[in-house]
Amino acid sequence: MKNLNTMPDILLAQLNPIVGDLSGNTDKIRAVRDSHLNRDLIVFPEMIVTGYPCDDLLDKPSFIDAAQEQVKILVSESKDKPPILISAPITIDGKLFNEAYLIFDGKIQHRVFKHKLPNTGIFDEKRHFSQGALPDVFNFKGVRLGIIICEDIWHPDVTAHYKKQNVELLISPNGSPYQTNKIERRHEVASARVREAGCPLIYLNQVGGQDELVFDGNSFVMNAKGEITHQLPAFTESIHSLNEEILTPTPAIEETLYQCVTLGLKDYVQKNSFKGVLLGLSGGIDSAISAAIAVDALGAENVHCVMMPSPYTSQESLDDAAECAALLGVKLDIIPIKTAMKAYDDMLNGHIDENNAGTTFENIQSRIRGATLMALSNASGKMLLSTGNKSEMAVGYATLYGDMCGGYNAIKDLYKTQVYKLCTWRNTQGRVIPENIMTKAPSAELKPNQTDQDSLPPYDVLDDILECLIECEMAVKDIPHDAEIVLKISKLLKIAEYKRRQSPLGPKVTNKAFGRDRRYPITNGF
């Protein structure tokens, strides 16, 4: 049996590609290759040539042709260069495949198709790809090498096929996005494959934000005993060899979540060439943590905060917002909305029965703020950052075309209780969020003496109910809380679906993120 000490000198290139930037991604491959000419093999993440996931770009024949042209360029450059393992989409006889290539000495020496196609949650690869045949081992520098592409590692049959061929090393290029408990689950699955194959495994993952998904890296090497011998860092590009010691500890959950949403925002802004972000800073906890994430992602000089007080805004909130902005070192403008509120009152006078208007005039305040922020966004080129949390979005405690305005929402998939934990953790790294923001009762301040708990149960109760309904898909009758409250929350969750469809995207961190992951019909009689 081969062990890691007798393996070739393999380099793990945990990189952050951009979907569709074919030449840019090839340049990243080339830069690593040309600066490590003495390596025996350089391994890159799944679909490194195109970035991942490509979604319906895969339906464009010109896109597939352009990706294959980049593969040909890398092949043509491979003489007197170290071998590389890359992957890209390819069309064969009218069928599209996800294919990995082992390239050296001026040619493709070995090819492997992805066998298993994930088709649950955020993945719909069967929409585009065809299933590839079970792969064969390749004798590489005296080692019987098995390439196992992403989803294939989650199923035992590909490994079993390699075991019959006396495989001595498994290499798994991945595009595996982060979600809670995903890192531990990967290690469990990898350990099972190692035990079945009886050989070491290299797990190489992509890193970086791509729309709603954030790829965490966390690449690792596992020996034949199932022990992790190398662990690359999370949420950052990293290049390390099997001959170099690295065993990065896995951070606590709050730090991991914070790194995830920060990288998601950073890459969304930078990869889409926005000039920075702006957001409404209300003096509340959601906008405070969103501002902190923005500063950590982009730098204080690229974050513009705006406080838009109404007659219902407390001096406490004004002071808290000002202190938060000062701690973060960001620009803070104050634009009162009282004049605009009066203009709406005058304009709508006689057209709305104020005694039966419900939340109409509360929502107008939010929409004034949304329009104000969008005007500033248009004028500056900065992207508007929305700041609503998952708890609010779940029950519709948000205003369409008001506080839901924005191009991205860093905390979209974080429950309110998680927001509090993230604030506490962030302050341990340097105080940026005033204590009063974290201890006062949450309030939208759209009418006198208003608090969130006027309309909702306490957030610890609400979040537990929502996790049962959303993450666990539990029936209302099975949720261990007051039956009347559970039924109310269930109804709010259902009727707010139309709002969520119109909300900005944000990074997925939970098992069932709204949008790409959790897709319920709006018109729904169940």
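Author: In this predicted model, Phe-514 lies in the segment after α15, which spans 497-500.

Reader: What makes Phe-514 count as buried?

Author: The relative accessibility of Phe-514 is 8%, and buried means under 20%, so Phe-514 counts as buried. Leaving aside neighbours within four places in sequence, Phe-514 is in contact with Lys-390, Met-393, Ala-394, Lys-412, Asp-413, Ile-470, Leu-493 and Arg-500.

Reader: How far apart are the C-alpha atoms of Phe-514 and Asp-9?

Author: Those two C-alpha atoms are separated by 43 Å, and the residues are 505 apart along the chain.

Reader: What makes Phe-44 count as buried, and where is Phe-44 found?

Author: Phe-44 is found in the loop between β2 (41-43) and α2 (61-76). Its relative accessible area is 0%, which is to be set against the limit of under 20%, and therefore Phe-44 is called buried. Not counting residues up to four places away in sequence, Phe-44 touches Ala-13, Leu-15, Ile-29, Val-32, Ile-84, Leu-85, Ile-86, Pro-173 and Leu-204. Phe-44 and Leu-11 are 33 residues apart in sequence, while their C-alpha atoms are 8.9 Å apart in space.

Reader: Why is Arg-193 called buried?

Author: The place of Arg-193 is in helix α4, residues 182-197. Arg-193 counts as buried because its relative accessibility is 7%, and the cut-off is under 20%. Its contacts, leaving aside neighbours within four places in sequence, are with Ile-153, Trp-154, His-155, Pro-156, Thr-159 and Leu-201.

Reader: Which residues of helix α13 are buried, and against which helices do they pack?

Author: In α13, residues 459-471, the buried positions are Tyr-459, Leu-462, Asp-463, Ile-465, Leu-466, Cys-468, Leu-469, Ile-470 and Glu-471. These buried residues pack against α10 (390-395), α11 (416-428) and α14 (483-495). Just after α13, Glu-473 takes a positive phi of about 55 degrees.

Reader: What makes up the contact of α13 with α14, by residue and by class?

Author: Leu-462, Ile-465, Leu-466, Leu-469 and Ile-470 of α13 meet Ile-485, Val-486, Ile-489, Ser-490 and Leu-493 of α14. Divided by class, the residues of this contact are 9 nonpolar, 1 polar and no charged.

Reader: At what angle do the axes of α6 and α11 cross, and why is α6 called oblique to α11?

Author: The axes of α6 and α11 come within 10 Å and cross at roughly 50 degrees. Since angles under 35 degrees count as roughly parallel and those from 65 to 115 as roughly perpendicular, the value of roughly 50 degrees makes α6 oblique to α11. The crossing of α6 and α11 is left-handed. In this contact, Ile-285, Asp-286, Ile-289, Ala-292 and Asp-296 of α6 meet Lys-416, Val-419, Tyr-420, Leu-422, Cys-423 and Arg-426 of α11. These residues divide into 7 nonpolar, no polar and 4 charged.

Reader: How do the axes of α5 and α6 cross?

Author: The axes of α5 (residues 253-271) and α6 (residues 285-298) come within 9 Å and cross at roughly 65 degrees, in a right-handed crossing. Among the residues that make the contact are Tyr-258, Val-261 and Leu-265 of α5, with Ile-289, Ala-292 and Ile-293 of α6. By class, this contact has 10 nonpolar, 2 polar and 2 charged residues.

Reader: How many disulfides does the structure hold, and how do you know that Cys-260 is in no disulfide?

Author: The structure holds 0 disulfides. For Cys-260, the nearest cysteine sulfur is that of Cys-423, 16 Å away, whereas a disulfide needs the two sulfur atoms within 2.5 Å. Cys-305 is likewise in no disulfide, with the sulfur of Cys-324 as the nearest, 7.2 Å away.

Reader: What makes Cys-260 and Cys-305 count as buried?

Author: Cys-260 counts as buried because its relative accessibility is 0%, and Cys-305 is buried because its relative accessible area is 0%; the limit for the term is under 20%.

Technical notes: Residues are numbered from 1 along each chain as its sequence is written. This is a predicted model: local features need pLDDT of at least 70, side-chain atom pairs count only at pLDDT 80 or more; totals for chains, interfaces and linings use all residues. Side-chain values use heavy atoms; hydrogens and water are left out. Buried means under 20% relative accessible area, exposed over 50%, partly exposed in between (1.4 Å probe, protein chains only). Helices (H or I, at least four residues) and strands (E, at least two) are DSSP runs, numbered from the N terminus. Contact means heavy atoms within 4.5 Å. Ala, Val, Leu, Ile, Met, Phe, Trp, Tyr, Cys and Pro count as nonpolar, Asp, Glu, Lys and Arg as charged, and the others, Gly among them, as polar. Axes are lines fitted to C-alpha atoms, for helices over the stretch in contact, and angles run from 0 to 180 degrees between N-to-C directions. A crossing is left-handed if the near helix is turned anticlockwise from the far one by less than a right angle, and right-handed if clockwise. Angles under 35 degrees count as roughly parallel, over 145 as roughly antiparallel, 65 to 115 as roughly perpendicular and the rest as oblique.
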